[in-house]
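This briefing concerns one protein chain, shown below.

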Amino acid sequence: MLHTVPQIITTDVAIIGGGIVGLGIAAEAQRAGHAVTIIDPAPATGATFAAAGMLAPVSELHYQEEDLLELTLAASARWPEFLAALPAGSKTGFSAAPTLVLGADPADRKSLSDLRDVQERHGLSVTALTIREARAQEPMVGPHISCAYTVDADHSVDPRALAETLRRQLLQTAAAHGRPAAEDTFVAQSAVGLMHQDPGNSHSAVTGVALADGREVRAMEVIVANALGAPKLDGLPEGLKLPVRAVYGDILRLKVPQHLRPLTTATIRGLVRGLPVYIVPREDGTVVIGASSREDGSPGVSAGGVHQLLRDAQVLVPAVAELELLETTARARPGTPDNAPLLGRVAGADGKDIQGLIIATGFFRHGVLLTPMAALIARQLLGGITDLAWTRFRPDRFSPALQPAHHEPPPNSHQETP
C-alpha cells in the first residue's frame, strides 16, 4: 500500500529551529499543555553541537553589556528548576563546581582585576585566590600563572547531552498525549516562510509555516528560533529588521588519558596575553577547549584558531599537551548589535503585537545559559503574559517602523516576574 505523506501538519506551537533554545522552549511549552512541533532538518547540530555549555553570568560580564546582566543572572537562577523538570536520571552533564579564573601574565592580572572591580560593583561575588590555593584546588594548573579567582555562581552543562535528553522527553510526552508519530513533534525539513491569516498582509496574524518540501505546518503560534536563518524567512513582518551576524568560533574536544584524570574538576577560564580561553571538563573523561571568535565569514575550522587555543590552554594547564585531540569544530553564533537576544513579540504597523508570532534568536555566546529564561518568556507570551522586565529585548527594537505603541501589556495580559 502506497504511503502518502500528509501535506498539512497541525499543532499548537510550531518552533522553527531545533537548537538548545528551540528545544528548551518546546519542552516548556509542552509542560504548559501545548502540542509542539519543531521544524529543523538537523536539530542540535549548529551552535549547540559546538557549545561548551558554560553557565557563567559572572565570568561572562562584559563592559557595556550591563543591561544583559539581569537576564543572564535570572537565567542562571532558573537552571536548577529547568533541570528538575526532566525525568529522573536524565543525562545533562550539569556541574555545580565553581569556575576557576586564571591570568597568565601581569597584563592579564590587571585586566582581570579591573573586571573584578566591575563585577563587584554589580554585587557579584568573585574571590581572589593565591597561586598556591588555586593549585591546591586544581593540581594541574601551571605554576607560573599570575593570578587566580574563583566564581561560585558560574557552572556548566553538556549541551549535546541535554539536547538529546530534551529530544527524547519531547517525543515521549507527545506520545503519551496522543501524538505518537515522531514527525508530529520533529519535522526534518527547512522552513521557508511564515504563513499569514491574510496572505497579502505580513502584519496579519501568523498561522503557520511553509516547508521546503511544499508541506505546511499550521499552528496557533509560531516561534522563530533558527538563529542566523531567521532573517532569511519569507513572510516576516514588513519593516522588521533582525540584525544577526555570524560570529564563528573554533572549539576542540580532547580525551584525557587515565593517568591524568581528572585533568580538572572545575571549568577553567583564563586570559593569556589578553586572549580568552577556557577548559571545560566532561563526565566522560574528555575536555572542551574554546573558543576563538572571528567574523571572517569562513565556516571551516581555522588552523590559527586551533593553534591559539592549544597554545593558550597549555599555559594555564601544561598537561593539555598530553591529551588526545578528538575533534575540531567550528560553528557560527548569532550576534546582534548590542550582543543581547532578539526575544519576544513583534509590533505591527499599528503598534500592536502581531498575533501568533514570537522571535527567539540572537543569543550570541549566551544561548545555553539563557535557554531557561527564553523558555519561560516564551511560555508566558503563549499564555498572554507580558513580563515588562524583558521588553528591552524585544526583537523589533532595531526596527524604527515597528515600534510598539506603548510598553503596557495588552488588556488580557499581566506583568509577571519569575
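What percentage of the 418 residues in the protein chain do buried residues make up? Buried residues account for 55% of them, where buried means under 20% relative accessible area, exposed over 50% and partly exposed in between (1.4 Å probe, protein chains only). The structure is a predicted model, in which local features need pLDDT of at least 70 and side-chain atom pairs count only at pLDDT 80 or more, while totals for chains, interfaces and linings use all residues. Residues are numbered from 1 along each chain as its sequence is written, and side-chain values use heavy atoms, with hydrogens and water left out.

**Overall fold**

- The protein chain contains nine helices and 18 strands; helices (H or I, at least four residues) and strands (E, at least two) are DSSP runs, numbered from the N terminus.
- The radius of gyration of the protein chain is 22 Å, which agrees with the value near 22 Å for a compact globule of 418 residues; it is taken over C-alpha atoms, and the globule rule is 2.2 Å times the number of residues to the power 0.38.
- Along the principal axes, the C-alpha atoms of the protein chain fill a box of roughly 65 × 55 × 40 Å.
- Of the contacts in the protein chain with a separation of 6 or more, 76% are between residues 24 or more positions apart; contact means heavy atoms within 4.5 Å.

**Surface and charge**

- The protein chain has an accessible surface of about 17700 Å², and carbon and sulfur atoms contribute 54% of this; accessible areas come from the Shrake-Rupley method with a 1.4 Å probe, and for residues only the protein chains shown count as cover.
- The 35 positive and 44 negative charges of the protein chain have mean positions 4 Å apart. Lys and Arg count as positive and Asp and Glu as negative, without His and the chain ends, and each charge is placed at NZ of Lys, CZ of Arg, CG of Asp or CD of Glu.

**Backbone geometry**

- Most residues other than glycine have a negative phi, and most peptide bonds are trans.
- Arg261 and Pro262 are joined by a cis peptide bond with omega about -10°, and Pro262 lies in the loop between β12 (245-255) and β13 (268-272).
- Another cis peptide bond, with omega about -20°, links Gly290 and Ala291; Ala291 belongs to the loop between β15 (286-290) and α8 (303-316).
- Ala44, in the loop between β2 (36-39) and α2 (47-50), has a positive phi of about 60° and counts as buried at 18% relative accessibility.
- Ala227, in the loop between β11 (216-224) and β12, has a positive phi near 50° and is partly exposed at 27% relative accessibility.

- Strand β6 (residues 147-151) runs antiparallel to β4 and is joined to it by five bridges, with Tyr149 as the bridge partner of Val101; two strands pair if DSSP finds at least two bridges between them.
- The pairing of β4 with β13 is parallel and covers four bridges, and Ile268 is the bridge partner of Leu100.

**Val151 in β6**

- Val151 lies in strand β6 and counts as buried at 1% relative accessibility.
- Val151 and Ser59 are 92 residues apart in sequence, with a C-alpha to C-alpha distance of 7.5 Å.
- Leaving aside residues up to four places away in sequence, Val151 touches residues including Val58, Ser59, Thr99 and Val101.
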